[in-house]
Amino acid sequence: MDFLRNEFFLLAVTFAVYYAAWRLQRKTGFMLLNPILVTIAILITLLMAFDIDYETYNKGGKYIEFWLKPAVVALGVPLYTQLEVIKKQILPILLSQFAGCVTGIISVVLIAKAMGASQEVILSLAPKSVTTPIAMEVTRTIGGIPSLTAAVVVAVGILGGLLGVKTMQVARVGSPIAQGLSLGTAAHAMGTYTAMGISNKYGAYASLGLTLNGILTALLTPAVLQFMGMI
Amino acid sequence: MVRQCAIIFGCLALGELVVWFTGIKLPSSITGMLLLTFFLKIKLIKLEWVKGISDFLVANLGFFFIPPGVALMLYFDIIKAEFLPIVVASAVSMVVVLLVTGWVHQITRRIFK
């Protein structure tokens with residue numbers, strides 16, 4: 001049974017499970033069946049069932065994780081293609097991004113603290129609004145638990161994708177640009193995915209929100225946490 | 001393909017260098033991303049030089065964080081112990097971000113039109 005611990009076997013399983021999960025969502029179109037979430041859940045179940053520890057899994061897994069950093073660098077390309085849009089209404093976009101980013105960090109930290117969460121958990125929640133690779137990098141920088149951040153980020157994204165549009169309608173956020181921007185800012189890739197479903201223009205603003213909030217969160221989280229006396 | 005990789009990893013290495021040199025608390029990958037945007041803007045790098053690999057990497061972004069996500073199994077104790085604060089804080093804060101961003105954008109757009 002030691003073959004189960006072979007790193008290439010574990011890599012192959014990861015690819016296969018992800019592919020199956022991806023197909024499943026394509027077929028059903030059901031947002032809760034997020035392929036990343038499903039793959040993580042299945043892999044954890046398998047590893048526990050066959051008594052394989054994370055260290056062994058990560059001998060193969062680290063080759064996948066390796067691509068996270070280059071992938072974040074590659075986000076520079078969509079950012080570049082959107083520079084014109086940003087320039088056109090730089091102040092409203094920057095101000096709303098800044099406000100959303102800072103209130104996001106402060107609110108999650110204050111609520112978690114008030115409810116008695118530990119320091120480690122609070123730090124892991126701070127960058128929860130932005131896309132996972134960026135959020136995990138931020139968590140690593142400030143000393144939280146990156147994998148907890150990953151889970152929370154995916155959950156926040158799904159929730160935002162499901163409830164985002166309705167919530168904004170109720171709260172009188174009506175302009176399509178503001179809605180798209182907010183979806184990307186609060187619910188990163190899932191919000192963008194939802195926005196793309198409405199229209200391409202919506203989606204473009206959502207991906208703008210996703211990218212800008214990613215940058216702002218990376219830039220501001222350490223400072224905001226320091227200001228709040230958390231680190 | 002080689003040139004594409006050289007550019008992406010070049011920006012990442014430069015990002016690492018900047019972080020190491022200045023000691024700023026910014027992930028090297030974000031620094032690399034900003035550098036790439038900057039190089040594209042000043043036309044030092046042409047868009048078609050990186051389009052292929054960046055489309056591939058961005059499209060598969062989700063896949064790359066599966067292994068770190070699996071590491072969650074190491075923290076089941078913490079999650080169980082602090083489940084409620086984690087869920088409530090994240091959900092409420094998500095709504096706050098959604099509304100604050102939207103409101104501020106609508107108001108400032110009216111002002112700066």
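Helix axes are lines fitted to C-alpha atoms over the stretch in contact, and angles between them run from 0 to 180 degrees between N-to-C directions. On this basis, helix α7 (residues 90–114) and helix α12 (residues 200–227) of chain A were compared in the predicted model. Their axes come within 9 Å and cross at roughly 50°. The crossing of α7(A) past α12(A) is right-handed.

On α7(A), the contact involves Gln97(A), Phe98(A), Gly100(A), Cys101(A), Val102(A), Ile105(A) and Ile106(A). On α12(A), the contributors are Gly209(A), Leu212(A), Asn213(A), Leu216(A), Thr217(A), Leu220(A), Thr221(A) and Val224(A). Nine residues of this contact are nonpolar and six are polar. No charged residue takes part.

Chain A as a whole contains twelve helices and zero strands. The C-alpha trace spans about 60 × 45 × 35 Å along its principal axes. The radius of gyration of chain A is 19 Å; a compact globule of 231 residues would have one near 17 Å, which agrees. Buried residues account for 51% of the 231 residues in chain A. Of the contacts in chain A with a separation of 6 or more, 62% join residues 24 or more positions apart.

Chain A also touches chain B. The contact takes 90 residues from chain A and 66 residues from chain B. The chain A side has 59 nonpolar, 26 polar and five charged residues.

Note on methods
Residues are numbered from 1 along each chain as its sequence is written. Chains are lettered from A and ligands numbered from 1 in the order in which they are written. This is a predicted model: local features need pLDDT of at least 70, side-chain atom pairs count only at pLDDT 80 or more; totals for chains, interfaces and linings use all residues. Two residues are in contact if their C-beta atoms, placed from the backbone, lie within 7 Å. Ala, Val, Leu, Ile, Met, Phe, Trp, Tyr, Cys and Pro count as nonpolar, Asp, Glu, Lys and Arg as charged, and the others, Gly among them, as polar. Helices (H or I, at least four residues) and strands (E, at least two) are DSSP runs, numbered from the N terminus. The radius of gyration is taken over C-alpha atoms; the globule rule is 2.2 Å times the number of residues to the power 0.38. A residue is buried if 20 or more other C-beta atoms lie within 10 Å of its own, exposed if 12 or fewer, and partly exposed in between; C-beta atoms are placed from the backbone. A crossing is left-handed if the near helix is turned anticlockwise from the far one by less than a right angle, and right-handed if clockwise.
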